[in-house]
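Student: Let us go through this structure by question and answer. Please show it before we start.

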Amino acid sequence: MTQTTKQGLSRRSLIKGTASVAALGVLGAPRIARADEGPIKIGFPVPITGPFGAEAKDQVKSAELAVKQFNAAGGLNGRLAELLVRDDKLNPGEAATRTLELIEKDKAHFIVGALSSAVQLSVNEVTRARGVIYISISQSDTINEAKDFSRFTFHEALNPQMTAGAVARHAFKKGQKVAYLAADYAYGHEMLAAFKRTAAPIGVETVGEVLHPFGAPDYSAFMPRLMSMKADILCICNFGRDQANSIKQAVDFGLKGPSKIVVPVLLHNQRLASSPDVFEGVVGGANYYWGIEDHNASAKTFNDAFRAAYNGAIPTDYGTYGYTAVRSLLMAVKEAGGTDTDKVITALEGLKYDVAKGPQSYRKCDHQSVQSVFVIESKKKSEMKTDADLFKVLATEAGDPATLRSCEQLGHKPS
Amino acid sequence: MDLQLISLQLFSGIALGAILIMLALGLSIIFGILGVVNFAHGSFFMVGAYAGVFFLGYTGNFWWALLLAPLVVGVLGLGVERLLIRPLYGRPVDDPILLTFGLSYVLVEGVRILFGTDGVPFDTPAALRGVTNIGIGYFPTYRLFVIGVVAVVLVALWLVLEKTKVGLIVRAGARDPQIMRVLGVDIQKLWLVVFGIGIGLAALGGVLAAPMRTVNPEMGNFVLSEAFVVTVIGGMGSLLGSVVAGLLVGIVVNMTSLVAPEMATIAMFAFMALVLLVRPHGLFGKPGFGT
């Protein structure tokens, strides 16, 4: 039942969900001055219970590591940081309440978090109204579009255009035929649109599009039709369990031989929840993969710190968002010399950070973190050296604002 | 649209219906005889899949898992009937609904604690991997196997119900438990066994579904509403209804997704509404049955 909340909630029901917040007379209330002394408090609402609990727990671990490192290095002239973790239960209403509590009761200076797009929108509504900086770690980027954006809104996670774009540029070749299977809600539609935007200039032909309901456990109904399209590439745009289930059933139906399976984001935990045989050869995008450490010094440093803190465990893709977001925030706090919101915004906008995966920076107009995207392929069982040796990196696309939707496309004034 | 595509689509609808039948049968048998609407049925389906994972890991053999998981979960069902459901007989019908609804949350949370919130892999047994040519095209071998297992279970169930003394008692008990008591039949024991069998069938469905879908704590949620739709279409309490409706729903869902994939889920509910308009008690249901 918690699953339904991931479904693209309409703006109207979202507003209804946050009505309790509005009733308190909070939306539009004046900004209150927060103490510029005492611990630096970072509120961290993530879906600890529910189907994305594993991702959320990874995010908490990584964020805690970032805070610990900041404190070990002396904090901000002795002023230490503190992470206030809250369970948003993957529910927009719950997230709004928890965020408001973090700001009002716990006096959090900043908010970082949210995994689902609907939850992210709801957290953003609250932080925007209260004038509190919010760094989102959700893959959807609707809050970066002008109508939902505010100068307090930052987006650390990759957005659909970045991942789907990188994957399409690498995996699509001129003259190929592509069939799409996409989840029928915001995430699927955003990814599908991003793939098609990138695919058009490459010169690939779309032979068919099939939309499936969110959370469908069985895809057999769609397979005969996808088979009949005889595509070179089967592009599957869905998230979480839908990804594992649909790939598994496409393989069962023998689609993997004739077509190459491509996904916008190849999820670490879904690969683990499935077997190497099923995912073998599947290509997708990622914000992080621990295996880049051979060529990437910042990844090596991050992995080593993570291993030391958590019994040799490795950080996951979604977990890393928690780390990079909190690290960038604390670097900006140091730069600003305090927790004053305006000064930290200026510091974040000017920040160049390289803490886990190479250079990153927040674009001025929409505060999207411009960063590298990795195109990875799931390894054959016989090629895996350890249980964590899941993927091989096919390409690394360096961060480049040109690969993003332009500020004008998002509705911002040219800057 | 060519004929091969349509027939292949029809066939995969039957395979989809097979799993639904396993669930709907148990749901229907429990309602028909005990008068209990079991909201925890989807959770037992999920527990069955996890039991399959456990026994597969323990024995390393799919066939043992397929046999042991339904048995063990069926025994768990016996315990649930004896300790939780039985005290509620004679109370309003919402009481067992509330109880089983709560139980489903307990089961899901319990599995999350034991096996984690993430899904766990369940490989298709090596012998049943790949595709088989069925004349109209290639179809996953494992799904053919599932259709076969469900057919065997149905025949066995039919034989037991129609040809044995136990079956006679079950059928009579469903009609009039009062008279059965007067005749000296231990109706409580009968209810216990029926509940156990219903749960065992759900668990078998779970193990069968495990290699097709990933195994996760929420896998029973959606499937429960599908199973309810099937039982309502077939007629609450009617076993034949469950079978026919299970196949019909599978086919309706699949044929809809051929023309309008987005409507696949809605089609199932629209079909239910349509059937209820024409036959308010379902295809094979009897008015007032089970209340």
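Student: At the start of H8(B), which backbone nitrogen does a side-chain oxygen of Asp186(B) reach?

Tutor: This is a predicted model, where local features need pLDDT of at least 70, side-chain atom pairs count only at pLDDT 80 or more, and totals for chains, interfaces and linings use all residues. Residues are numbered from 1 along each chain as its sequence is written, chains are lettered from A and ligands numbered from 1 in the order in which they are written, and side-chain values use heavy atoms, with hydrogens and water left out. Helices are DSSP runs (H or I, at least four residues), numbered from the N terminus. The side-chain oxygen of Asp186(B) comes to within 3.3 Å of the backbone nitrogen of Gln188(B).

Student: How many residues of H8(B) are buried?

Tutor: Helix H8 of chain B covers residues 187–209. Buried means under 20% relative accessible area (1.4 Å probe, protein chains only). H8(B) is mostly covered, and of its 23 residues the buried ones number 18.

Student: Is Ser298(A) buried or exposed?

Tutor: Ser298(A) belongs to helix H12 (residues 297–309) of chain A. Exposed would require over 50% relative accessible area. Because its relative accessibility is 13%, Ser298(A) counts as buried.

Student: With which side chain does the side chain of Ser298(A) make a polar contact?

Tutor: A polar contact is a pair of N or O atoms within 3.5 Å; within protein, one must be able to donate a hydrogen and the other to accept it, and residues adjacent in sequence count only if both atoms are side-chain atoms. At 2.7 Å, the partner of Ser298(A) is the side chain of Asp354(A).

Conventions
Helices (H or I, at least four residues) and strands (E, at least two) are DSSP runs, numbered from the N terminus. The expected span of a helix is 1.5 Å times one less than its number of residues.
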